[in-house]
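My entries follow in the order in which I consulted the model.

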Amino acid sequence: MAKRDYYEILGVGKGASASEIKKAYRKKAIEFHPDKNPDDKSAEAKFKEAAEAYEILSDDNKKARYDQYGHQAFENGGGGGGFGGGGMNMDDIFSQFGDIFGGGGFSGGGFSGFGGGGGQRRVKGSNLRIRVKLTLEEIANGVEKKVKVKRKVQAPGTTYKTCSTCNGSGQVTRIANTILGRMQTSAPCNVCGGAGQTIDKKPSDADAQGLKVAEETVSIKIPAGVVDGMQLKVSSKGNEAPGNGVSGDLIVVIEEEDHKKLQREGDNLHYDLYVSFPDAVLGTSKEIDTVTGKVRIKVEAGVQSGKILRLRGKGIPSINGYGKGDLLVHVNVWTPKTLNKQQKQFFESMQEDEHFSPKPESSDKSFFEKVKDMFS
């Protein structure tokens, strides 16, 4: 089933500002909040749908990719974030976007405004971000990278106890009488930060939350076809959270290294092939680089500078699984700049020869027309 447009879900236009997007999400989240719609699967699905839309549109980088590629930008490992691909998690929604509700709510409807029914909040550790450099060959074939990451983990020997301020609920609730009736406000406990637990014992090398920095080797599977700047997520490999919290994620930013001979354009690759004047006249075969190794191609006799040879399927695989791009070989005839006396005499004698006079056929297309035909 096709996903709905994120702007349509939140009811905003593409030109909406960050504050307008946030306001629209808060409105939708309050409308479909599980506390206001108990046992309503349709409302829960719309609540998650709104959270997914907000996760993308509230992030400038993700929003730009969505505006350009739509939902395809986050499919097949495209780095949609915590909720992309339908893997919605209510705990994650409340831990990441709970501040949207402002800690307030309504008494009569049972709406707590945070944390799914007023229960204990699960604190999430912070995300980590790293850059991974990839060669064009690695991007074309996919690769598994092992990287060393320094992340916060719970220090051995750390123990926790129930927070005496919130009695383990993670929230402090107050009820006040107003002209609109009884108003309930809930906010994360300022003592335990909403975790419902506080430090009981911790070793000397741990921080105030009972965490310490440790180095870990993380394996990252990178699919073929990623692009420079794309972000992938490795779940639960960010910083750990104290107590019964959930670990943050490791955000992997792709950095594409330049290739010495190949230029990338989307899923297609370009290669500049230089041939000598004699080879252009007589024809030849040349070995060229591709992302899967070297291949030999035939250059026909009489080839003209600007000719484009197309090697189908020798480009980059589509990140969305739509086949592979092509390798476009641009033929450039190299004209010698210096000649010896004998060579110069030969070409002078050929200046009036009909075989050396340009005779473009009427069927020949210009360079730009050829490129246009290839991509039409």
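Predicted model: local features only at pLDDT ≥ 70, side-chain atom pairs only at ≥ 80, totals over all residues.

The entries below treat a helix and then the sheets and a hairpin.

**Entry 1: helix α4.** I looked up helix α4, which spans residues 60–69. I asked which of its residues are buried. I found Lys62, Lys63, Arg65 and Tyr66 to be buried, taking the cut-off of under 20% relative accessible area. Viewed down the axis of α4, the buried residues lie within an arc of 165°, so they line one face of the helix. On the face turned away from that buried side, I recorded Asp60 and Gln68 as exposed.

**Entry 2: surroundings of α4.** I next asked what the buried residues of α4 pack against. The partners are the helices α1 (6–10), α2 (18–32) and α3 (41–57), together with the strand β8 (231–234).

**Entry 3: the two ends of α4.** At the start of the helix, I found a side-chain oxygen of Asp59 within 2.9 Å of the backbone nitrogen of Asn61. After the helix comes Gly70, and I noted that the phi of Gly70 is positive, near 70°.

**Entry 4: the sheet that contains β8.** I then followed β8 into its sheet, an open one of 3 strands in the order β1-β9-β8, with mixed pairing. The edge strands are β1 (128–134) and β8, each of which pairs on one side only. Direction ignored, neighbouring strands of this sheet are turned by 30° against each other on average. β8 pairs with β9 (residues 250–256) in the antiparallel sense, over 4 bridges. I asked which residue of β9 stands opposite Lys233; I found Ile251 there.

Entry 5: I looked up the pairing of β11 (residues 268–276) with β15 (residues 327–334), which is parallel and runs over 8 bridges. In this pair, Val275 stands opposite Val333 of β15.

**Entry 6: the hairpin.** Last, I examined β12 (residues 284–290) and β13 (residues 293–299), which run antiparallel and are joined by 7 bridges. I asked how many residues the hairpin uses to join β12 to β13; the count is 2 residues. I also noted that Glu287 stands opposite Arg296 in β13.

Key
Residues numbered from 1 in each chain as written. Heavy atoms only, no water. Buried < 20%, exposed > 50% of the residue type's maximum accessible area, 1.4 Å probe, protein only. Arc of directions from axis to C-beta. Contact = heavy atoms within 4.5 Å. Polar contact = N/O pair within 3.5 Å; in protein donor to acceptor, adjacent residues only side chain to side chain. Pairing = 2+ DSSP bridges. Axes fitted to C-alpha atoms, helices over the stretch in contact; angles between N-to-C directions.
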